[in-house]
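Please have the sequence and the model open while reading.

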Amino acid sequence: MLEPPRLAATTMFLWMLAWSWVPMTESAIGVNWGTVSFRKLKPSTVVDLLRDNKIPKVKLFEAEPDVLKALMGSGIQVMVGIPNEMLPLLSSSPAAADLWVRQNVSVYMGKGGADIRYVAVGNEPFLKSYDGQFQNLVMPSILNLQQSLVKANLAGPIKLVVPCNADAYESSVPSQGAFRPELTQIMTQLVQFLNSNGAPFIVNIYPFLSLYDDGDFPQDYAFFEGTTHPVTDGSNVYTNAFDGNYDTLVAALSKLGYGQMPIVIGEIGWPSDGAIGANITAAKVFNQGLISHVVSNKGTPLRPGAPPMDIYIFSLLDEGAKSTLPGGFERHWGIFSFDGQAKYPLNLGLGNKELKNAKNVEYLPSRWCVASPSSDLSNVANHMRIACSVADCTTLDYGGSCNGIGEKGNISYAFNSYYQLQMQDSRSCNFDGLGMITFRDPSVGDCHFLVGVTDKGSDSSGSRITYHWFGFIRGFFLVPSSSETVRIYK
């Protein structure tokens with residue numbers, strides 16, 4: 001039997017150990033690096049962009065070789081994703097799990113290699129809209145992959161995690177949060193696994209989509225500037241959607257007996273174009289408010305003084321090849337435009353007061369394709385439809401930055417988007433004689449007519465047409481959820 005002083009010391013140690021699950025230090029800010037784009041910067045250019053902005057963590061949706069090679073030796077911590085469509089194979093075949101680890105993790109590790117810290121098994125596999133398609137594949141995949149990491153002597157430094165959508169839990173007030181009934185068993189198994197391996201629970205939270213999907217959602221509640229529509233939950237008052245959503249998850253984890261489990265925000269952000277409410281001003285206000293809120297270490301009512309362990313902003317760069325079924329905004333989540341240029345001043349709390357632009361970006365010549373002023377444009381509709389089915393015209397959508405530039409302006413924007421995608425091939429500006437090349441920038445106000453970047457030396461060095469269609473067939477998933485998020489990925 002322990003003597004009283006030792007008993008007290010042991011009790012204190014166990015208490016501190018339990019609380020050690022909740023990070024009491026400042027959150028780390030990372031970014032999601034998606035690559036669903038027609039024209040991608042060289043991976044090395046993007047890695048330099050990350051380093052110049054002192055971004056210490058990056059989350060990838062797939063194990064792309066050129067991206068992982070570029071991250072080798074960078075010192076940037078990496079989370080590598082496994083697409084949902086791989087879960088049937090990984091859940092049923094330990095050999096497939098071994099092969100995946102060898103080809104996508106082991107080969108990049110070691111001295112001077114990539115600093116891979118997490119492998120994300122699936123992406124929001126419990127979404128309601130999947131109707132249970134991946135639900136029973138997650139844990140078998142995790143167990144096979146864990147054994148593969150053990151065999152590779154990587155089970156210590158690399159943790160398996162599962163990014164979940166916020167529709168995995170529900171409640172009218174945060175303190176009553178609970179996982180959906182059909183997920184209780186799988187979530188219990190998941191958090192037990194995460195707990196035993198020292199891994200965090202990862203959740204994606206999107207106040208923008210709550211606002212976009214629900215006309216009655218209070219706009220000011222989506223931001224961090226205070227609200228006239230607070231949510232009162234007993235003695236706790238919530239003034240922003242993020243805190244309310246986060247604490248709903250905390251309560252759900254508590255009901256399973258893991259109320260102190262660390263939480264990482266896998267995706268959160270605000271789009272800057274392509275829809276009503278998606279604009280530069282709103283994106284800046286939201287992202288800066290989020291960062292300031294998190295790095296203040298204020299925490300939330302259910303976890304005061306304990307903010308999320310990490311936050312990965314969605315997203316680093318715009319991705320102009322993503323499907324627009326959920327809305328044109330899906331191509332405009334980046335804090336940087338597709339060419340690595342900052343869209344607005346943003347202090348990430350990482351040492352730089354503002355974002356630094358990508359360096360040594362190789363642009364095409366300064367020329368544009370516009371509608372010929374001398375042409376009869378009455379039969380242009382089919383040309384516009386073809387151009388916009390290939391290129392990105394989402395800024396022309398209602399609420400977009402180019403929506404108000406007039407009919408001829410819309411035609412010119414569509415023509416130019418296609419022309420730049422085709423690497424300024426003069427034939428791509430013909431449109432049966434309706435288009436013409438100009439060396440005078442046709443941009444109007446906030447509507448910017450883009451000039452493309454070259455793909456020399458990048459991963460997109462195939463032919464234009466081959467690359468374009470590859471972008472459309474590689475497996476983008478459109479997943480509308482109930483009220484919290486609509487995700488596209490892979």
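Does Cys 393 count as buried or exposed, and at what relative accessibility? Cys 393 has 8% relative accessibility and therefore counts as buried, where buried is under 20% relative accessible area, exposed over 50% and partly exposed in between, with a 1.4 Å probe and protein chains only.

The model is predicted, so local features need pLDDT of at least 70 and side-chain atom pairs pLDDT 80 or more, while totals for chains, interfaces and linings use all residues. Residues are numbered from 1 along each chain as its sequence is written, and side-chain values use heavy atoms, with hydrogens and water left out.

**Disulfides**

A disulfide is a covalent bond between the sulfur atoms of two cysteines. Here the term is applied to a pair of cysteine sulfur atoms within 2.5 Å. The structure holds 3 disulfides, and with bonded cysteines counted along the chain they follow the pattern 1-5, 2-3, 4-6.

| Pair | S-S distance | Torsion about the S-S bond |
|---|---|---|
| Cys 369 and Cys 429 | 2.0 Å | about 90° |
| Cys 388 and Cys 393 | 2.2 Å | about -85° |
| Cys 402 and Cys 447 | 2.0 Å | about 100° |

The torsion of about 90° makes the disulfide of Cys 369 and Cys 429 right-handed. Cys 369 lies in strand 16 (residues 368–371) and Cys 429 in the loop between helix 12 (407–421) and strand 17 (435–438), so this pair ties together parts 60 residues apart in sequence. Helices (H or I, at least four residues) and strands (E, at least two) are DSSP runs, numbered from the N terminus. Both Cys 369 and Cys 429 are buried.

The disulfide of Cys 388 and Cys 393 is left-handed, because its torsion is about -85°. Cys 388 has a relative accessible area of 28% and is partly exposed.

The disulfide of Cys 402 and Cys 447 is right-handed, given its torsion of about 100°. Cys 402 is in the loop between helix 11 (381–390) and helix 12, and Cys 447 in the loop between strand 17 and helix 13 (464–473), so parts 45 residues apart in sequence are tied together. Cys 402 is buried at 1% relative accessibility, and Cys 447 is buried at 0%.

**Helix 5 and helix 6**

The axes (lines fitted to C-alpha atoms over the stretch in contact, with angles from 0 to 180 degrees between N-to-C directions) of helix 5 (residues 94–104) and helix 6 (residues 138–151) come within 8 Å and cross at roughly 55°. Contact (heavy atoms within 4.5 Å) involves, among others, Trp 100 of helix 5 and Leu 145 of helix 6.
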